[in-house]
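Work through these exercises with the model open beside you. Try each task before you read its solution.

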Amino acid sequence: MTAERAQSETACCVVGGGPAGVILSLLLARKRVAVTLLEAHDNFDRDFRGDTIHPSVLELLDEIGLAGPLHRLPHAKIHTGALMTAQGPVTLADFRRLRTRFPYIMMLPQKDFLAFVAREAERYPSFRLLMGARVEGLIEEGGVVRGVVYEDDGGKVELRAGLTIGADGRGSRLRHLGGFEQVKTSPPMDILWFRVPRKTDDADGGLAFFGGGHMLVMLNRGEQWQAAYVILKGSSAQVRAAGLEVLRRALSELVPQYAERFEELRDWKQVSMLSVESSRVTRWFKPGLLLIGDAAHVMSPVGGVGINYAIQDAVVAANVLSGPLEEKHLQLGNLAEVQRRREWPTRLIQAVQTGIQKRVIAAALDPTGTFRVPLALRLLLRVPGLRNLPARVIGLGFKKVHVKP
Ligand SMILES: Cc1cc2nc3c(=O)[nH]c(=O)nc-3n(C[C@H](O)[C@H](O)[C@H](O)COP(=O)(O)OP(=O)(O)OC[C@H]3O[C@@H](n4cnc5c(N)ncnc54)[C@H](O)[C@@H]3O)c2cc1C
(Lines give C-alpha, C1' and ligand atoms only; values in the text may rest on other atoms or scores of the structure.)
Protein backbone atom coordinates (compact mmCIF):
# COMPACT_ATOMS: atom_id res chain seq x y z
CA MET A 1 0.00 0.00 0.00
CA THR A 2 1.65 3.28 -1.08
CA ALA A 3 1.29 6.38 1.03
CA GLU A 4 -0.47 9.36 -0.52
CA ARG A 5 1.81 11.02 -3.10
CA ALA A 6 2.88 14.50 -2.11
CA GLN A 7 4.35 17.02 -4.58
CA SER A 8 6.81 19.86 -4.35
CA GLU A 9 8.89 22.01 -6.68
CA THR A 10 12.39 23.47 -6.94
CA ALA A 11 14.59 25.13 -9.57
CA CYS A 12 17.36 22.55 -9.17
CA CYS A 13 17.16 19.11 -7.60
CA VAL A 14 20.55 17.63 -6.67
CA VAL A 15 20.51 13.89 -6.00
CA GLY A 16 23.28 12.65 -3.69
CA GLY A 17 24.90 14.32 -0.69
CA GLY A 18 28.48 13.27 -1.43
CA PRO A 19 31.30 15.77 -2.09
CA ALA A 20 29.94 16.76 -5.54
CA GLY A 21 26.34 17.17 -4.40
CA VAL A 22 26.97 19.20 -1.23
CA ILE A 23 29.43 21.60 -2.89
CA LEU A 24 27.18 22.16 -5.92
CA SER A 25 24.18 22.80 -3.66
CA LEU A 26 26.13 25.27 -1.54
CA LEU A 27 27.38 27.20 -4.58
CA LEU A 28 23.92 27.36 -6.18
CA ALA A 29 22.32 28.46 -2.89
CA ARG A 30 24.91 31.25 -2.60
CA LYS A 31 23.63 32.46 -6.00
CA ARG A 32 20.05 32.42 -4.64
CA VAL A 33 19.05 29.50 -6.87
CA ALA A 34 16.34 27.39 -5.19
CA VAL A 35 18.08 24.05 -4.69
CA THR A 36 16.89 20.85 -3.00
CA LEU A 37 19.53 18.26 -2.08
CA LEU A 38 18.28 14.69 -1.64
CA GLU A 39 20.45 12.21 0.26
CA ALA A 40 19.39 8.59 0.60
CA HIS A 41 21.02 8.06 4.02
CA ASP A 42 19.79 9.57 7.29
CA ASN A 43 23.20 11.04 8.09
CA PHE A 44 26.62 11.58 6.51
CA ASP A 45 28.22 8.99 8.78
CA ARG A 46 29.20 6.27 6.34
CA ASP A 47 32.50 4.57 6.98
CA PHE A 48 35.30 3.93 4.51
CA ARG A 49 34.92 6.82 2.15
CA GLY A 50 38.00 8.76 1.10
CA ASP A 51 38.99 11.26 3.79
CA THR A 52 41.32 13.33 1.61
CA ILE A 53 40.90 17.04 0.89
CA HIS A 54 43.42 18.07 -1.75
CA PRO A 55 45.15 21.46 -2.14
CA SER A 56 42.92 22.31 -5.13
CA VAL A 57 39.79 21.82 -3.02
CA LEU A 58 41.26 23.86 -0.16
CA GLU A 59 41.98 26.65 -2.65
CA LEU A 60 38.37 26.51 -3.89
CA LEU A 61 37.05 26.64 -0.33
CA ASP A 62 39.39 29.55 0.36
CA GLU A 63 37.80 31.45 -2.54
CA ILE A 64 34.45 31.34 -0.71
CA GLY A 65 35.94 32.01 2.73
CA LEU A 66 35.61 28.47 4.10
CA ALA A 67 39.21 27.19 4.22
CA GLY A 68 39.84 28.89 7.60
CA PRO A 69 36.72 27.48 9.35
CA LEU A 70 37.39 24.03 7.84
CA HIS A 71 40.89 23.99 9.33
CA ARG A 72 39.37 24.47 12.78
CA LEU A 73 37.91 20.95 12.58
CA PRO A 74 40.22 18.20 13.93
CA HIS A 75 42.32 16.92 11.02
CA ALA A 76 45.74 15.58 10.01
CA LYS A 77 48.02 16.70 7.19
CA ILE A 78 49.95 14.63 4.66
CA HIS A 79 52.93 16.47 3.20
CA THR A 80 54.56 13.67 1.23
CA GLY A 81 53.70 10.39 -0.45
CA ALA A 82 56.40 7.70 -0.67
CA LEU A 83 56.81 4.26 -2.25
CA MET A 84 58.48 1.90 0.26
CA THR A 85 60.23 -0.74 -1.86
CA ALA A 86 62.77 -3.45 -1.08
CA GLN A 87 65.41 -1.10 -2.58
CA GLY A 88 64.46 1.71 -0.16
CA PRO A 89 61.93 4.57 -0.02
CA VAL A 90 61.19 6.68 -3.11
CA THR A 91 59.39 9.99 -2.56
CA LEU A 92 56.70 10.06 -5.21
CA ALA A 93 55.02 13.34 -4.29
CA ASP A 94 56.26 16.19 -2.11
CA PHE A 95 53.31 18.57 -1.78
CA ARG A 96 55.51 21.14 0.04
CA ARG A 97 57.05 21.96 -3.33
CA LEU A 98 53.72 23.02 -4.86
CA ARG A 99 52.94 26.68 -5.35
CA THR A 100 49.80 26.84 -3.21
CA ARG A 101 48.68 28.24 0.15
CA PHE A 102 47.85 24.65 1.14
CA PRO A 103 50.89 22.45 0.37
CA TYR A 104 49.46 19.28 1.90
CA ILE A 105 46.56 16.86 1.74
CA MET A 106 44.17 17.43 4.59
CA MET A 107 42.87 14.22 6.17
CA LEU A 108 39.42 14.91 7.53
CA PRO A 109 36.69 12.32 8.15
CA GLN A 110 34.42 12.74 5.14
CA LYS A 111 31.32 12.82 7.33
CA ASP A 112 32.72 15.93 9.05
CA PHE A 113 33.48 17.56 5.70
CA LEU A 114 30.00 16.87 4.28
CA ALA A 115 28.25 18.03 7.46
CA PHE A 116 30.40 21.19 7.47
CA VAL A 117 29.46 22.09 3.86
CA ALA A 118 25.78 21.26 4.45
CA ARG A 119 25.76 23.50 7.55
CA GLU A 120 27.20 26.35 5.48
CA ALA A 121 24.55 25.80 2.76
CA GLU A 122 21.79 25.89 5.38
CA ARG A 123 22.61 29.54 6.01
CA TYR A 124 21.03 30.33 2.63
CA PRO A 125 17.21 30.42 2.49
CA SER A 126 17.06 28.96 -1.04
CA PHE A 127 18.72 25.69 0.14
CA ARG A 128 16.74 22.69 1.32
CA LEU A 129 18.33 19.43 2.49
CA LEU A 130 16.26 16.23 2.66
CA MET A 131 18.07 13.36 4.40
CA GLY A 132 16.71 9.82 4.18
CA ALA A 133 15.25 10.66 0.74
CA ARG A 134 16.08 7.93 -1.78
CA VAL A 135 15.36 8.73 -5.41
CA GLU A 136 13.54 5.86 -7.09
CA GLY A 137 12.36 7.34 -10.39
CA LEU A 138 12.49 10.21 -12.85
CA ILE A 139 9.56 12.36 -13.90
CA GLU A 140 9.81 12.51 -17.71
CA GLU A 141 7.51 14.47 -19.99
CA GLY A 142 7.98 14.61 -23.76
CA GLY A 143 11.58 13.36 -23.50
CA VAL A 144 12.52 15.97 -20.88
CA VAL A 145 13.35 15.15 -17.24
CA ARG A 146 11.10 17.32 -15.04
CA GLY A 147 12.23 16.10 -11.62
CA VAL A 148 12.35 12.94 -9.52
CA VAL A 149 10.24 10.63 -7.41
CA TYR A 150 11.85 9.92 -4.06
CA GLU A 151 10.86 7.82 -1.11
CA ASP A 152 11.27 8.72 2.54
CA ASP A 153 9.71 7.54 5.81
CA GLY A 154 6.42 9.15 4.82
CA GLY A 155 6.14 7.39 1.43
CA LYS A 156 6.68 8.53 -2.15
CA VAL A 157 7.02 12.19 -3.10
CA GLU A 158 7.21 13.86 -6.50
CA LEU A 159 9.74 16.66 -6.66
CA ARG A 160 9.43 18.68 -9.87
CA ALA A 161 12.56 20.58 -10.91
CA GLY A 162 13.77 22.81 -13.75
CA LEU A 163 17.01 20.81 -13.68
CA THR A 164 17.91 17.51 -12.02
CA ILE A 165 21.55 16.75 -11.22
CA GLY A 166 22.72 13.21 -10.62
CA ALA A 167 25.55 13.37 -8.07
CA ASP A 168 24.65 9.96 -6.68
CA GLY A 169 28.03 8.29 -6.98
CA ARG A 170 29.53 5.17 -8.55
CA GLY A 171 26.34 3.08 -8.52
CA SER A 172 24.27 6.06 -9.77
CA ARG A 173 20.55 5.32 -9.92
CA LEU A 174 20.01 8.37 -12.14
CA ARG A 175 22.61 7.14 -14.63
CA HIS A 176 20.66 3.89 -14.85
CA LEU A 177 17.22 5.54 -15.00
CA GLY A 178 18.43 8.01 -17.65
CA GLY A 179 19.77 5.17 -19.83
CA PHE A 180 23.28 6.67 -20.10
CA GLU A 181 25.87 4.68 -22.01
CA GLN A 182 28.95 3.74 -19.91
CA VAL A 183 32.46 2.91 -21.12
CA LYS A 184 34.26 0.70 -18.57
CA THR A 185 37.90 -0.17 -18.02
CA SER A 186 39.02 -3.12 -15.92
CA PRO A 187 41.25 -2.22 -12.97
CA PRO A 188 43.31 -5.28 -11.97
CA MET A 189 42.62 -4.90 -8.25
CA ASP A 190 40.15 -4.73 -5.40
CA ILE A 191 40.80 -3.23 -1.98
CA LEU A 192 40.48 -4.24 1.65
CA TRP A 193 39.95 -1.02 3.55
CA PHE A 194 40.55 -0.79 7.32
CA ARG A 195 41.98 1.35 10.10
CA VAL A 196 44.65 0.54 12.68
CA PRO A 197 46.01 2.68 15.54
CA ARG A 198 48.74 5.20 14.81
CA LYS A 199 51.21 6.53 17.41
CA THR A 200 52.54 10.09 17.43
CA ASP A 201 56.11 8.93 16.71
CA ASP A 202 55.04 6.77 13.74
CA ALA A 203 56.17 7.77 10.25
CA ASP A 204 54.30 10.63 8.62
CA GLY A 205 52.59 11.08 5.29
CA GLY A 206 51.18 8.57 2.86
CA LEU A 207 53.20 5.37 2.47
CA ALA A 208 52.84 2.58 -0.09
CA PHE A 209 54.54 -0.71 0.88
CA PHE A 210 55.37 -3.39 -1.71
CA GLY A 211 56.58 -6.97 -1.42
CA GLY A 212 55.78 -10.62 -2.13
CA GLY A 213 52.98 -9.80 -4.58
CA HIS A 214 51.24 -7.52 -2.10
CA MET A 215 50.72 -3.79 -1.72
CA LEU A 216 49.55 -1.80 1.29
CA VAL A 217 48.88 1.95 1.31
CA MET A 218 48.79 3.67 4.71
CA LEU A 219 47.57 7.23 5.16
CA ASN A 220 48.17 9.30 8.30
CA ARG A 221 44.72 10.01 9.71
CA GLY A 222 45.95 11.43 13.04
CA GLU A 223 45.36 8.78 15.72
CA GLN A 224 44.76 6.12 13.08
CA TRP A 225 46.25 4.81 9.89
CA GLN A 226 43.76 4.51 7.07
CA ALA A 227 44.99 1.41 5.29
CA ALA A 228 44.20 0.04 1.84
CA TYR A 229 45.41 -3.51 1.19
CA VAL A 230 45.39 -4.02 -2.56
CA ILE A 231 44.45 -7.51 -3.75
CA LEU A 232 43.95 -9.10 -7.17
CA LYS A 233 40.58 -8.36 -8.77
CA GLY A 234 37.97 -10.89 -7.70
CA SER A 235 40.13 -12.50 -4.98
CA SER A 236 38.32 -11.05 -1.95
CA ALA A 237 36.29 -14.24 -1.28
CA GLN A 238 39.54 -16.24 -1.32
CA VAL A 239 41.23 -13.80 1.11
CA ARG A 240 38.25 -14.00 3.43
CA ALA A 241 38.09 -17.78 3.26
CA ALA A 242 41.80 -17.98 4.20
CA GLY A 243 40.96 -16.18 7.44
CA LEU A 244 42.00 -13.10 9.39
CA GLU A 245 45.09 -14.79 10.80
CA VAL A 246 46.50 -15.19 7.27
CA LEU A 247 45.68 -11.56 6.47
CA ARG A 248 47.35 -10.31 9.68
CA ARG A 249 50.44 -12.39 8.89
CA ALA A 250 50.65 -11.06 5.31
CA LEU A 251 50.35 -7.47 6.58
CA SER A 252 53.00 -8.03 9.25
CA GLU A 253 55.42 -9.52 6.71
CA LEU A 254 54.89 -6.48 4.49
CA VAL A 255 55.31 -3.88 7.27
CA PRO A 256 57.02 -5.66 10.23
CA GLN A 257 57.42 -2.41 12.20
CA TYR A 258 53.62 -2.14 12.55
CA ALA A 259 52.95 -5.85 13.14
CA GLU A 260 51.47 -5.22 16.58
CA ARG A 261 48.97 -2.72 15.06
CA PHE A 262 47.65 -5.35 12.66
CA GLU A 263 46.90 -7.56 15.69
CA GLU A 264 44.02 -5.12 16.30
CA LEU A 265 42.21 -6.62 13.31
CA ARG A 266 40.08 -9.15 15.16
CA ASP A 267 36.83 -9.20 13.18
CA TRP A 268 35.95 -9.03 9.48
CA LYS A 269 33.52 -6.25 10.47
CA GLN A 270 36.61 -4.02 10.79
CA VAL A 271 37.47 -4.64 7.13
CA SER A 272 35.52 -3.30 4.15
CA MET A 273 35.95 -5.04 0.83
CA LEU A 274 35.68 -2.59 -2.03
CA SER A 275 35.39 -3.60 -5.64
CA VAL A 276 37.45 -1.13 -7.66
CA GLU A 277 35.82 0.23 -10.81
CA SER A 278 36.67 2.81 -13.42
CA SER A 279 34.25 4.05 -16.06
CA ARG A 280 32.76 7.12 -17.74
CA VAL A 281 29.55 7.97 -19.52
CA THR A 282 29.92 9.12 -23.13
CA ARG A 283 27.32 11.89 -22.71
CA TRP A 284 26.89 13.54 -19.33
CA PHE A 285 23.44 15.03 -19.96
CA LYS A 286 20.04 14.75 -21.56
CA PRO A 287 17.24 17.34 -21.53
CA GLY A 288 16.59 18.30 -17.89
CA LEU A 289 19.27 16.00 -16.41
CA LEU A 290 23.04 16.29 -15.86
CA LEU A 291 25.44 13.80 -14.23
CA ILE A 292 28.54 14.94 -12.30
CA GLY A 293 31.19 13.36 -10.07
CA ASP A 294 31.38 9.57 -9.87
CA ALA A 295 27.93 9.32 -11.47
CA ALA A 296 29.53 10.61 -14.71
CA HIS A 297 32.97 9.01 -14.22
CA VAL A 298 33.63 6.32 -11.62
CA MET A 299 37.14 6.93 -10.33
CA SER A 300 39.66 4.28 -9.41
CA PRO A 301 41.20 5.00 -5.96
CA VAL A 302 44.67 5.31 -7.57
CA GLY A 303 46.11 8.66 -6.45
CA GLY A 304 43.04 9.29 -4.28
CA VAL A 305 41.74 11.99 -6.60
CA GLY A 306 38.04 11.10 -6.95
CA ILE A 307 36.80 13.64 -4.42
CA ASN A 308 38.94 16.31 -6.02
CA TYR A 309 37.49 15.70 -9.49
CA ALA A 310 33.93 15.39 -8.19
CA ILE A 311 34.23 18.76 -6.46
CA GLN A 312 35.78 20.39 -9.53
CA ASP A 313 32.79 19.15 -11.58
CA ALA A 314 30.48 20.73 -9.01
CA VAL A 315 32.28 24.08 -9.18
CA VAL A 316 32.17 24.18 -12.99
CA ALA A 317 28.50 23.13 -12.99
CA ALA A 318 27.67 25.94 -10.54
CA ASN A 319 29.68 28.47 -12.59
CA VAL A 320 27.96 27.54 -15.85
CA LEU A 321 24.42 26.86 -14.61
CA SER A 322 23.66 29.32 -11.81
CA GLY A 323 22.99 32.27 -14.19
CA PRO A 324 20.66 30.37 -16.55
CA LEU A 325 18.90 28.72 -13.58
CA GLU A 326 18.37 32.04 -11.81
CA GLU A 327 17.11 33.68 -15.00
CA LYS A 328 15.05 30.60 -15.94
CA HIS A 329 16.48 30.23 -19.44
CA LEU A 330 18.47 27.05 -19.06
CA GLN A 331 19.27 25.35 -22.37
CA LEU A 332 20.71 22.01 -23.37
CA GLY A 333 23.84 23.86 -24.51
CA ASN A 334 24.51 24.89 -20.89
CA LEU A 335 24.62 21.22 -19.85
CA ALA A 336 26.86 20.39 -22.82
CA GLU A 337 29.19 23.20 -21.71
CA VAL A 338 29.71 21.51 -18.31
CA GLN A 339 30.71 18.27 -20.05
CA ARG A 340 32.92 20.16 -22.53
CA ARG A 341 34.90 21.78 -19.69
CA ARG A 342 35.17 18.74 -17.44
CA GLU A 343 35.41 15.76 -19.76
CA TRP A 344 39.00 16.08 -20.86
CA PRO A 345 40.57 16.52 -17.38
CA THR A 346 38.69 13.44 -16.15
CA ARG A 347 39.58 11.37 -19.21
CA LEU A 348 43.20 12.40 -18.82
CA ILE A 349 43.40 11.42 -15.14
CA GLN A 350 41.60 8.14 -15.85
CA ALA A 351 44.16 7.38 -18.57
CA VAL A 352 46.98 8.08 -16.07
CA GLN A 353 45.27 5.85 -13.47
CA THR A 354 44.91 3.05 -16.04
CA GLY A 355 48.63 3.37 -16.90
CA ILE A 356 49.60 3.16 -13.19
CA GLN A 357 47.27 0.18 -12.68
CA LYS A 358 48.84 -1.65 -15.62
CA ARG A 359 52.49 -0.78 -15.04
CA VAL A 360 52.83 -0.35 -11.29
CA ILE A 361 49.97 -2.07 -9.50
CA ALA A 362 49.77 -5.16 -11.74
CA ALA A 363 53.57 -5.57 -11.29
CA ALA A 364 53.26 -5.09 -7.53
CA LEU A 365 50.58 -7.79 -7.34
CA ASP A 366 52.64 -10.32 -9.32
CA PRO A 367 53.75 -12.87 -6.70
CA THR A 368 56.48 -14.21 -8.99
CA GLY A 369 58.36 -10.92 -9.41
CA THR A 370 60.23 -8.44 -7.20
CA PHE A 371 58.60 -5.07 -7.44
CA ARG A 372 60.81 -2.21 -8.66
CA VAL A 373 59.70 1.35 -9.32
CA PRO A 374 59.55 1.64 -13.14
CA LEU A 375 62.67 3.21 -14.65
CA ALA A 376 60.72 5.99 -16.40
CA LEU A 377 59.23 7.08 -13.06
CA ARG A 378 62.61 6.94 -11.28
CA LEU A 379 64.12 9.14 -14.01
CA LEU A 380 61.20 11.57 -13.91
CA LEU A 381 61.60 11.98 -10.14
CA ARG A 382 65.25 13.01 -10.66
CA VAL A 383 64.64 15.79 -13.19
CA PRO A 384 64.23 19.13 -11.35
CA GLY A 385 61.57 20.51 -13.74
CA LEU A 386 59.55 17.29 -13.80
CA ARG A 387 59.89 15.78 -10.34
CA ASN A 388 56.95 17.83 -9.03
CA LEU A 389 54.61 16.44 -11.68
CA PRO A 390 53.11 13.60 -9.55
CA ALA A 391 52.47 15.99 -6.63
CA ARG A 392 50.92 18.51 -9.02
CA VAL A 393 48.65 15.99 -10.74
CA ILE A 394 47.52 14.48 -7.42
CA GLY A 395 47.25 17.74 -5.48
CA LEU A 396 46.00 20.20 -8.06
CA GLY A 397 44.76 18.15 -11.02
CA PHE A 398 45.33 18.85 -14.70
CA LYS A 399 43.24 22.00 -14.79
CA LYS A 400 42.58 24.40 -11.95
CA VAL A 401 39.02 25.59 -11.61
CA HIS A 402 37.84 28.67 -9.72
CA VAL A 403 34.55 29.69 -8.18
CA LYS A 404 33.00 32.34 -10.44
CA PRO A 405 32.74 35.50 -8.37
C1 LIG B 1 38.23 2.05 -2.27
C2 LIG B 1 38.12 3.48 -2.64
C3 LIG B 1 38.88 4.41 -1.97
C4 LIG B 1 38.83 5.74 -2.35
N5 LIG B 1 39.63 6.63 -1.70
C6 LIG B 1 39.61 7.91 -2.11
C7 LIG B 1 40.45 8.87 -1.46
O8 LIG B 1 41.19 8.57 -0.51
N9 LIG B 1 40.41 10.14 -1.93
C10 LIG B 1 39.61 10.51 -2.98
O11 LIG B 1 39.64 11.67 -3.40
N12 LIG B 1 38.78 9.63 -3.56
C13 LIG B 1 38.77 8.34 -3.16
N14 LIG B 1 37.93 7.46 -3.78
C15 LIG B 1 36.99 7.93 -4.81
C16 LIG B 1 35.89 8.77 -4.15
O17 LIG B 1 35.26 8.04 -3.09
C18 LIG B 1 34.83 9.21 -5.16
O19 LIG B 1 35.42 9.59 -6.36
C20 LIG B 1 33.99 10.39 -4.61
O21 LIG B 1 33.40 10.06 -3.38
C22 LIG B 1 32.92 10.80 -5.60
O23 LIG B 1 32.10 11.80 -5.03
P24 LIG B 1 30.57 11.95 -5.49
O25 LIG B 1 30.00 13.09 -4.72
O26 LIG B 1 30.51 12.00 -6.97
O27 LIG B 1 29.86 10.58 -5.08
P28 LIG B 1 29.74 9.87 -3.64
O29 LIG B 1 30.77 10.32 -2.70
O30 LIG B 1 29.65 8.42 -3.91
O31 LIG B 1 28.32 10.39 -3.10
C32 LIG B 1 27.11 9.94 -3.67
C33 LIG B 1 26.01 10.16 -2.67
O34 LIG B 1 24.75 9.87 -3.30
C35 LIG B 1 23.92 9.17 -2.39
N36 LIG B 1 22.94 8.41 -3.18
C37 LIG B 1 23.20 7.30 -3.92
N38 LIG B 1 22.05 6.89 -4.52
C39 LIG B 1 21.08 7.76 -4.14
C40 LIG B 1 19.69 7.87 -4.43
N41 LIG B 1 19.06 6.98 -5.24
N42 LIG B 1 18.97 8.87 -3.88
C43 LIG B 1 19.58 9.77 -3.07
N44 LIG B 1 20.91 9.72 -2.76
C45 LIG B 1 21.64 8.73 -3.29
C46 LIG B 1 24.89 8.30 -1.61
O47 LIG B 1 24.34 7.92 -0.37
C48 LIG B 1 26.10 9.23 -1.45
O49 LIG B 1 26.04 10.01 -0.29
C50 LIG B 1 37.96 6.13 -3.41
C51 LIG B 1 37.17 5.20 -4.05
C52 LIG B 1 37.25 3.87 -3.69
C53 LIG B 1 36.41 2.87 -4.43
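## Exercise 1: The chain as a whole

The chain exposes about 18,100 Å², and carbon and sulfur atoms supply 52% of that area. Keep in mind that this is a predicted model.

**Task.** Decide how the radius of gyration of the chain compares with that of a compact globule of 405 residues.

**Solution.** 
1. For 405 residues, a compact globule would have a radius of gyration near 22 Å.
2. Now take the chain. Its value is 22 Å, so the two agree.
3. Along the principal axes, the C-alpha atoms fill a box of roughly 60 × 55 × 40 Å.
4. Look inside. Of the 405 residues, 54% count as buried.
5. Check the contacts. Take those between residues at least 6 apart in sequence: 73% of them join residues at least 24 apart.
6. The chain has twelve helices and 20 strands.

## Exercise 2: A helix and its surroundings

**Task.** Find out how many of the nine residues of helix H2 (residues 55-63) are buried.

**Solution.** 
1. Apply the cut-off: buried means under 20% relative accessible area.
2. Name the residues that pass. In H2 they are Pro55, Ser56, Val57, Leu58, Glu59, Leu60 and Leu61.
3. Conclude. Seven of the nine are buried, so H2 is largely enclosed by the rest of the structure.
4. Look for a neighbor. Gln312 touches Ser56 and Leu60, among others. Gln312 lies in helix H9 (residues 306-326).
5. Classify Gln312. Its relative accessibility is 2%, so it counts as buried.
6. Step past the end of the helix. H2 is followed by Gly65, which has a positive phi, near 75°.

## Exercise 3: Salt bridges around Asp51

**Task.** The structure holds 23 salt bridges. Which parts of the chain does the pair of Arg195 and Asp51 tie together?

**Solution.** 
1. Check the distance. The side chains of Arg195 and Asp51 meet at 3.7 Å, N to O.
2. Locate both ends. Arg195 lies in strand E13 (residues 189-197) and Asp51 in the loop between strand E2 (35-39) and E3, so the pair ties together parts 144 residues apart in sequence.
3. Take the other partner, Arg221. Its closest N and O atoms with Asp51 are 2.4 Å apart.
4. Locate this pair too. Arg221 is in the loop between strand E15 (214-220) and strand E16 (224-232), and 170 residues separate it from Asp51.
5. Classify the residues. Asp51 is buried at 6% relative accessibility. Arg195 is buried at 18%, and Arg221 is buried at 16%.

## Exercise 4: A salt bridge within a helix

**Task.** Why are Arg248 and Glu245 separated by about one helical turn?

**Solution.** 
1. Recall the rule. An α-helix has 3.6 residues a turn, so residues three or four places apart point the same way.
2. Apply it. Arg248 and Glu245 are three residues apart in helix H7 (residues 244-254), which means about one turn lies between them.
3. Check the bridge. The N to O distance is 2.8 Å.
4. Classify both ends. Arg248 is buried at 8%, whereas Glu245 is partly exposed at 43%.

Terms used:
Residues are numbered from 1 along each chain as its sequence is written. This is a predicted model: local features need pLDDT of at least 70, side-chain atom pairs count only at pLDDT 80 or more; totals for chains, interfaces and linings use all residues. Side-chain values use heavy atoms; hydrogens and water are left out. Helices (H or I, at least four residues) and strands (E, at least two) are DSSP runs, numbered from the N terminus. Buried means under 20% relative accessible area, exposed over 50%, partly exposed in between (1.4 Å probe, protein chains only). Contact means heavy atoms within 4.5 Å. The radius of gyration is taken over C-alpha atoms; the globule rule is 2.2 Å times the number of residues to the power 0.38. Accessible areas come from the Shrake-Rupley method with a 1.4 Å probe; for residues, only the protein chains shown count as cover. A salt bridge is a side-chain nitrogen of Lys or Arg within 4 Å of a carboxyl oxygen of Asp or Glu.
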